[in-house]
Amino acid sequence: MSDKQWYYLDPENQQQGPFSIGEIRQFIAEGILTRQSFLWHDGLTTWTAANKIAGVFATPAPAPDPVDSTNLNKRTSPNPGPVGKTFPVPSVKKSSFGLFITSYLIGFFLLAVGLLIIFSASAQNAREEREGGPDFSQIEEVGNPTDRSAPQKDDSRRLSELKSQTIVGIGVLIASGFGFIFGGIYSYIILFRAWKVIQAGGARTTPGKAVGLLFIPIFNFYWIFVAYYGWATDWTRIRSSYSNLMSAPRASSGNFLAGSILIILFFPIGIFFFFSMISQMCIVTNHMASAYALSRPLSRGLTGTKDY
């Protein structure tokens, strides 16, 4: 029995696993699973209540109530819900993935437009030179009446247009930088809130350290694994340890690990994983923020208080 992989049905009738028999027993001891929770492992023909499987409990279980397992697929939930440890949901603001991704999309769009304007101006200048026009880069005193090589008025006008076009392109590039800066700052806010959510579950670091240590050169190549992959690992552990988090959104530890690696080794691909990681953090944070709002007294609207 010890080498078998075990699975169980959560309150949403979703399969969870695989786990070892030791982990299953730990879940039962913590109240995440009950004697009526449905389990399965290779060798069982159908999902079976825990108290009907020999060896799951160290001591004989009391006679259970009859369970009709033939209609299991028709059940809306395999049991009334796990009882045991309850995670203290913290007060936290919601995070907007839409705001985050929009700032980056605007930044990428303005970057492309700015580069297009500048390259267009450069191409136009090169074309003028190939066609025998004046070399604008060699003009020192435009319009000097004593200089016989001074360009005509139309040449001066083209030079002015090219300079203006280049200045506009540079301005658009600067504007794109503001989009990236805002998106970067907001990503740190999202990271801070995501770590704040899991502090009560024994998180490996604090929100302040998770964000702050990313600014240390060289060291941040290591810390990115703690700040992102570490968060996903901690959240997965915490989610499976508390009865009131069984229906909470999941975070893919594999996605966070791959993203952390690719951001360092191959940023053009890593940035897409980064967007996925931020999205999952927002989903978890917003779920917990909603759970906290629902747990507040119904009279909070009459007291005039407000969460910040």
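Mentor: Buried residues make up 38% of the 308 residues in the protein, where buried means under 20% relative accessible area with a 1.4 Å probe, counting protein chains only. Keep in mind that this is a predicted model: local features need pLDDT of at least 70, side-chain atom pairs count only at pLDDT 80 or more, and totals for chains, interfaces and linings use all residues. Residues are numbered from 1 along each chain as its sequence is written, and side-chain values use heavy atoms, with hydrogens and water left out.

Trainee: Okay. How many helices and strands are there?
Mentor: Eight helices and four strands. Those are DSSP runs numbered from the N terminus, helices being H or I with at least four residues and strands E with at least two. Along the sequence the pattern goes β-β-α-β-β-α-α-α-α-α-α-α.

Trainee: In which order do the strands sit in the sheet?
Mentor: The order is β2-β1-β3-β4, in an open sheet with antiparallel pairing. Two strands pair if DSSP finds at least two bridges between them. β2 (15-19) and β4 (48-49) are the edge strands, each pairing on one side only.

Trainee: And what joins β1 to β3?
Mentor: Three bridges, between residues 6-9 and residues 38-41. W6 stands opposite H41 there.

Trainee: Switching topic: which residues have the most contacts inside the largest nonpolar core?
Mentor: F100, Y228, W231, W235 and F274, in a core of 41 residues. A nonpolar core is a set of buried Ala, Val, Leu, Ile, Met, Phe, Trp, Tyr and Cys residues joined through side-chain atoms within 4.5 Å. The largest share, ten residues, comes from α7. Apart from that core lies another one, of 15 residues, among them Y8, F19, I21 and M246.

Trainee: What does Y228 touch?
Mentor: Leaving aside neighbours within four places in sequence, Y228 is in contact with residues including L191, F256, F274 and M281. Contact means heavy atoms within 4.5 Å.

Trainee: One more. Is S240 buried or exposed?
Mentor: Buried, because its relative accessibility is 19%. S240 sits in the loop between α5 and α6.

Trainee: And what does the S240 side chain reach?
Mentor: The backbone oxygen of T236, at 3.3 Å. Not counting residues up to four places away in sequence, S240 also touches F27 and I32.

Note on methods
Buried < 20%, exposed > 50% of the residue type's maximum accessible area, 1.4 Å probe, protein only. Polar contact = N/O pair within 3.5 Å; in protein donor to acceptor, adjacent residues only side chain to side chain.
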